[in-house]
Amino acid sequence: MANITQRQTWMKTLAKAELKQLEALVSKLDTLPSYSFLRSPEIGLTMVQGSTGGTGKPFNLGDMTITRCVVQLESPAKSESIVGFGYIGGRSHRHAELAAFCDALLQSPEWHDQIQSEVIQPLKTANLQRQELKKRQTSATKVNFLTMVRGE
């Protein structure tokens, strides 16, 4: 069983993934188990807090739309039910559903390694590439303001 930090990491990766890439990676997997909804995808709001400089007193920044979903893997032994959760920013029912499904698969010993290598790792790599591209684009627009001293 994964520890809390590992699960938080893969849930973050799933939440930040692009839907098209997540769908493509999941569709490549063979003979996936079926699942049922414990909570169908639903859209809601959450309050986002910020803090000055990252260390100051927290303040309410505003509301953010989120979509959540809870699924349960179908298993012959009902005592071994595995429940997966998906919370994503935005309004995509399908994204939340796939995130919850992958979370459930990652908790399953039979599927954990395959999902880690074939879904999570490619998503992490793609996310790092997007971050690098954004960083390069941002640094290309950087302006250095110098204070000029007047000659006397």
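In which kind of crossing, left-handed or right-handed, does α2 pass α3?

Modeller: Happy to take you through it, with the reminder that this is a predicted model. The crossing of α2 past α3 is left-handed. Two packed helices are described by the angle between their axes and the distance between the axes. Here α2 covers residues 19-27 and α3 covers residues 93-107, and they pack at about 45° with their axes 10 Å apart. The two helices are therefore oblique to each other.

As for who touches whom, α2 brings Leu19, Leu22, Glu23 and Val26, and these meet Arg94, His95, Leu98, Ala99 and Cys102 of α3. Sorted by class, that contact holds 6 nonpolar, 1 polar and 2 charged residues.

Let's stay with histidine 95 for a moment, which sits in helix α3. Its relative accessibility is 7%, so histidine 95 counts as buried. Apart from its neighbours within four places in sequence, histidine 95 is in contact with Leu14, Ala15, Ala17, Leu19, Leu22 and Ile88.

Now for the wider setting. The protein has 4 helices and 3 strands, and along the sequence they follow the pattern α-α-β-β-β-α-α. Its radius of gyration is 21 Å, well over the 15 Å that the globule rule gives for 152 residues, so the protein is more spread out than a compact globule. The C-alpha trace spans about 90 × 30 × 25 Å along its principal axes, and 26% of the 152 residues count as buried.

Technical notes
Residues are numbered from 1 along each chain as its sequence is written. This is a predicted model: local features need pLDDT of at least 70, side-chain atom pairs count only at pLDDT 80 or more; totals for chains, interfaces and linings use all residues. Side-chain values use heavy atoms; hydrogens and water are left out. Axes are lines fitted to C-alpha atoms, for helices over the stretch in contact, and angles run from 0 to 180 degrees between N-to-C directions. Angles under 35 degrees count as roughly parallel, over 145 as roughly antiparallel, 65 to 115 as roughly perpendicular and the rest as oblique. A crossing is left-handed if the near helix is turned anticlockwise from the far one by less than a right angle, and right-handed if clockwise. Contact means heavy atoms within 4.5 Å. Ala, Val, Leu, Ile, Met, Phe, Trp, Tyr, Cys and Pro count as nonpolar, Asp, Glu, Lys and Arg as charged, and the others, Gly among them, as polar. Buried means under 20% relative accessible area, exposed over 50%, partly exposed in between (1.4 Å probe, protein chains only). The radius of gyration is taken over C-alpha atoms; the globule rule is 2.2 Å times the number of residues to the power 0.38.
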